[in-house]
Amino acid sequence: MATESQFQLVTFHLGEELYGVNIMDVKEIVRLQNVRVIPNAPYYVEGIINLRGEIIPIIDLHKRFKIQAVTRTEDIEMDGGFIILNIEGNKIGIIIDKVERVVTVKSEDVKEPPQMLSGIGTEYIEGVVREETGYLIMLNIHKLFNAKELQKIIEMQ
């Protein structure tokens, strides 16, 4: 009997869309806090935070993907935060509007992304999973930044 190949995703909202990243790439999820702006940083780098003595660069995926950011309200302040990812052995935070939940996905349920999905380049998308209320877009965090961009972000630490 063959065992099903499945994995877990941490899901979150950016604007109106639901996204997911592989749970194995997630270090932790933290509440929103003040981000220190870094001069001359790439346009999508919000700045850095100090998380328990560790300096972590914070990326704004709204800017990176050209997604309209939601208007910050008290509810969104409570729901939003940063997902700290482990990319090539480096901790990098991404700003999210709302944390959803951890879901288990079967490999066979992952479909190729449509050519143009909410303005995000398909190079960042690993696949799409159909849900009752729409789609879950799986991000490939290892393709979010090319080697040169990743090096520049790491140097901020």
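**Reading the fold**

Tutor: Let us start with the chain order: along the sequence, the protein chain runs β-β-β-β-β-α-α-β-β-β-β-β-β-α. That gives 3 helices and 11 strands, where helices (H or I, at least four residues) and strands (E, at least two) are DSSP runs numbered from the N terminus. Please keep in mind that this is a predicted model, in which local features need pLDDT of at least 70, side-chain atom pairs count only at pLDDT 80 or more, and totals for chains, interfaces and linings use all residues. Residues are numbered from 1 along each chain as its sequence is written, and side-chain values use heavy atoms, with hydrogens and water left out.

Student: How do I read the sheet, and which strands are at its edges?

Tutor: Two strands pair if DSSP finds at least two bridges between them. Here 6 strands make an open sheet with mixed pairing, in the order β8-β1-β2-β11-β10-β9. Its edge strands are β8 (98–106) and β9 (110–111), each of which pairs on one side only. Elsewhere in the sheet, β2 (residues 17–22) and β11 (residues 134–139) pair in the parallel sense over 3 bridges. To find that pairing on screen, look for Leu 18, which stands opposite Leu 136 in β11.

Student: What about salt bridges: how many are there?

Tutor: A salt bridge is a side-chain nitrogen of Lys or Arg within 4 Å of a carboxyl oxygen of Asp or Glu. By this rule there are 6. One of them joins Glu 46 and Lys 63, at 3.2 Å from N to O. Glu 46 belongs to strand β4 (residues 45–51) and Lys 63 to helix α1 (residues 61–65), so this pair ties together parts 17 residues apart in sequence.

Student: How do I judge aromatic rings?

Tutor: Rings of Phe, Tyr and Trp (its six-membered ring) pair if their centres lie within 6.5 Å; planes under 30 degrees apart count as stacked, over 60 as edge-to-face and the rest as tilted. The count here comes to 5 aromatic pairs. For Tyr 43 and Tyr 44, the ring centres are 5.0 Å apart and the planes stand at 90°, so the pair is edge-to-face. Tyr 43 is partly exposed at 49%, whereas Tyr 44 is buried at 3%. Ring pairs also link Phe 12, Tyr 19, Phe 65 and Tyr 124 into a cluster.

Student: Where do charges sit over rings?

Tutor: The test is that NZ of Lys or CZ of Arg is within 6 Å of the ring centre and within 35 degrees of the ring normal. Arg 64 lies over the face of Tyr 44, 4.5 Å from the ring centre. The charged end of Arg 130 sits over the ring of Tyr 135, at 5.2 Å from its centre.

Student: And the core: which residues touch the most other members?

Tutor: In soluble globular proteins, nonpolar side chains tend to be buried together. A nonpolar core is a set of buried Ala, Val, Leu, Ile, Met, Phe, Trp, Tyr and Cys residues joined through side-chain atoms within 4.5 Å. The largest one here has 31 residues, of which Phe 12 and Ile 59 touch the most other members. Contact means heavy atoms within 4.5 Å; beyond its neighbours within four places in sequence, Phe 12 is in contact with residues including Leu 18, Ile 83, Ile 94 and Leu 139.

Student: What share of the chain is buried?

Tutor: Buried residues make up 45% of the 157 residues in the protein chain.

Methods:
Buried < 20%, exposed > 50% of the residue type's maximum accessible area, 1.4 Å probe, protein only.
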